[in-house]
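Welcome, and thanks for taking a look.

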Amino acid sequence: MIEVLVIVPYEELLHEYEEAIAKAHDPRVHFTTSFMYGTDARNLSRASDYDIIVVRGMTSRALSEKYPETTIVDIKMDAFDVSSALLEAKKKFPGIRKIGLILPSSSICSASILTELLGIEVVMREVRGEEHMESTLREMVKEGCEVFIGGLTLKRVSEKMGLEYVHIKTGPSAIESSIKDAITAAHILDRERSRLGLMKSLVNNTPDSLLIIDDKGKITAANHAASSFFRRPDLVGMDAKELFPLEIYSVCDDVEVVQTIGDQTVLITEHPVHIEGEKRATYVSLRLVEDIRRTEKKIRSKLQEKGLTAKYSFSDIVTEQVEMKQLVAKALRYAHVEGNVLLTGETGTGKELFVQSMHNASPRRDKPFVAVNCAALSEQLLESELFGYTEGSFTGAQKGGKTGLFELAQGGTIFLDEIGEMPIRFQAKLLRVIQEREIRKIGGDEFIPVDVRIMSATNQNIPDLIEKGLFRRDLYYRINLLTLHIPPLRERLDDIPAIFKRFVERKSKALNIVPPMVEKDALECLKGYSWPGNIRELRNVAERAVIFSSSNCITRDTLKEIDVSVGEKKASEEKKIPLTSEELYRRYVESGLTLNDFALSIGISRTTLWRKFKVLNN
């Protein structure tokens with residue numbers, strides 16, 4: 001509920017306002033009326049109890065100055081109110097020759113037009129403050145003004161000076177207009193409060209400590225995590241120097257630094273907040289290095305699984321289609337040049353197979369091949385993994401520091417998988433590495449030259465991400481000097497039999513059994529399926545078929561037994577049903593499938609499923 005206080009300067013107006021408010025009833029707005037004027041209204045001590053104050057004349061300006069945080073709605077004087085007061089003066093003082101009109105704004109009406117309409121000379125003055133009223137009246141008396149017309153401030157000064165006056169009263173039009181303005185302002189304020197409430201909830205539910213520091217070094221906002229970290233219930237208003245020995249908030253550029261505060265070592269990230277090109281404040285986040293280290297340990301094993309070598313070559317790419325053979329030929333040409341390559345295509349189409357093949361066919365074949373999944377890491381972890389850190393740069397840092405993946409890939413190739421998921425702020429750091437061909441470790445002072453070829457892959461539409469502000473245009477131009485689009489398996493139906501047989505042979509060899517024959521009707525069944533998981537899904541089906549085959553032959557019945565015949569329908573239905581993370585996890589446990597097989601069975605990528613399950617662990 002938005003609270004509105006209406007202050008009127010005379011009792012008659014109070015009743016008129018109460019009647020108008022009753023007609024304009026709004027359930028989201030509560031009006032309170034009060035009869036005050038002059039000094040009483042300006043010294044109103046209850047202004048902070050209200051969201052909006054409706055008030056007239058000079059009192060409005062005085063309240064605006066005294067309570068800048070409160071929304072003030074003016075009861076505006078209009079031409080009808082002024083004309084009514086002039087006619088009253090003409091009747092009350094017959095024979096007058098010159099009238100002095102005192103208004104808060106000269107735009108309300110024209111003195112020359114009023115003179116012509118009344119047949120009496122009207123002299124108009126604009127007075128915005130009570131301190132100028134008396135001197136203005138003296139000047140107008142010297143000019144021959146006999147009667148004065150204006151608001152209650154004029155009335156009070158005129159009585160003091162013994163001058164004749166007529167009070168301009170607020171008419172129905174001005175009353176209705178001010179109420180409408182107050183309700184409109186209330187609706188805007190209500191929406192803004194809801195938006196700020198959601199933002200506050202979002203900020204207070206993040207585990208990182210967040211602060212906003214103004215240009216004077218004072219904390220203007222802090223979330224619950226920050227209050228808990230500093231053990232102070234109210235950080236707002238404090239001098240940030242009491243919390244940060246290093247004045248990192250005084251600089252204009254982004255800063256990341258590791259500091260020990262109290263008994264905790266934290267990674268402090270500082271980002272200037274610019275409004276209309278001018279720095280107005282600084283956004284500071286603090287994250288415990290120990291938390292980063294624990295997260296890093298969980299992810300590090302995943303990063304190391306692929307090792308530093310590329311296992312595949314172009315001979316591993318099975319295809320019978322002319323278009324795919326042309327694509328392989330293009331990739332082979334790309335392998336022999338030094339430009340950065342961007343591969344696009346759906347999940348499971350074999351983008352990494354092409355990347356490894358190009359590396360193994362390139363002059364860098366004897367150098368390291370390093371792969372990193374950008375979607376699996378936060379901005380801080382990406383910097384730690386890609387660039388490394390020095391010994392002692394934070395608590396828990398391993399002795400001797402850590403070599404980053406760019407250094408590990410020295411002379412070879414680094415593969416940035418799912419680059420479309422890379423945090424936007426980290427993209428600027430990657431762009432600098434590409435441009436300068438050098439890195440700097442976290443906590444280090446020196447720049448280390450790196451000679452690596454960058455290959456990237458994404459299943460997203462990067463130009464769309466650029467339009468949404470989620471990907472840097474300049475980085476896009478740097479990573480896609482050479483581009484390859486890998487088509488989905490549904491566009492390569494003629495390749496399915498050969499690829500399937502290749503996977504059957506590999507799995508049979510791994511199990512040390514004779515590869516089963518694959519009947520023609522089974523291959524036709526495979527070609528009739530849309531393969532939302534692409535080649536990765538086809539490989540899983542082949543391996544399951546080898547395992548579940550009860551004879552030395554894979555038939556259509558074998559595929560039905562492992563649900564391939566209904567896979568398309570199930571995937572289609574699954575995509576239409578918005579499942580919660582909890583529901584997905586329940587179905588996964590009940591299915592008895594591997595994470596990868598379950599993802600394929602419902603038609604989403606393994607990475608998407610992993611992210612949904614990750615929410616449950618946080």
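The notes below cover salt bridges, a charged surface patch and the cysteines.

This is a predicted model. The structure holds 21 salt bridges, and a search of the whole structure finds zero disulfides.

**Salt bridges**

- Within helix α8 (residues 172–204), Glu176 and Lys180 sit four residues apart, about one turn of the helix. Their closest N and O atoms are 3.2 Å apart in a salt bridge, and Glu176 is partly exposed at a relative accessible area of 45%.
- Glu407 pairs with Lys441, with 3.5 Å between the closest N and O atoms. Glu407 belongs to helix α14 (residues 405–408) and Lys441 to the loop between β19 (438–439) and β20 (448–449), so this pair ties together parts that are 34 residues apart in sequence.
- Glu407 counts as partly exposed, with 22% relative accessibility, whereas Lys441 counts as buried at 17%, because the cut-off for buried is under 20%.
- Glu467 and Arg473 form a salt bridge whose closest N and O atoms are 3.4 Å apart. Glu467 is exposed at 62% relative accessible area, while Arg473 is partly exposed at 41%.
- A network of salt bridges links Glu134, Arg138 and Lys160.

**Negative surface patch**

- Glu519, Asp521, Glu524, Asp557 and Glu561 form a negative surface patch. Helices α19 (520–527) and α21 (556–561) are the elements that give two or more residues to the patch.
- Asp557 is placed in helix α21 and counts as exposed, with 54% relative accessibility.

**Cysteines**

- Cys109 counts as buried at 15% relative accessibility, and Cys374 is likewise buried, at 0%.

Notes: Residues numbered from 1 in each chain as written. Predicted model: local features only at pLDDT ≥ 70, side-chain atom pairs only at ≥ 80, totals over all residues. Heavy atoms only, no water. Patch = residues over 30% accessible without salt bridge, like charges linked within 9 Å, V, L, I, M, F, W, Y side chains within 5 Å. Areas by Shrake-Rupley, 256 points an atom, 1.4 Å probe, with all protein chains shown as cover. Salt bridge = Lys/Arg side-chain N within 4 Å of Asp/Glu carboxyl O. Lys, Arg positive; Asp, Glu negative; His and termini not counted. Charge placed at Lys NZ, Arg CZ, Asp CG, Glu CD. Buried < 20%, exposed > 50% of the residue type's maximum accessible area, 1.4 Å probe, protein only. Disulfide = S-S within 2.5 Å.
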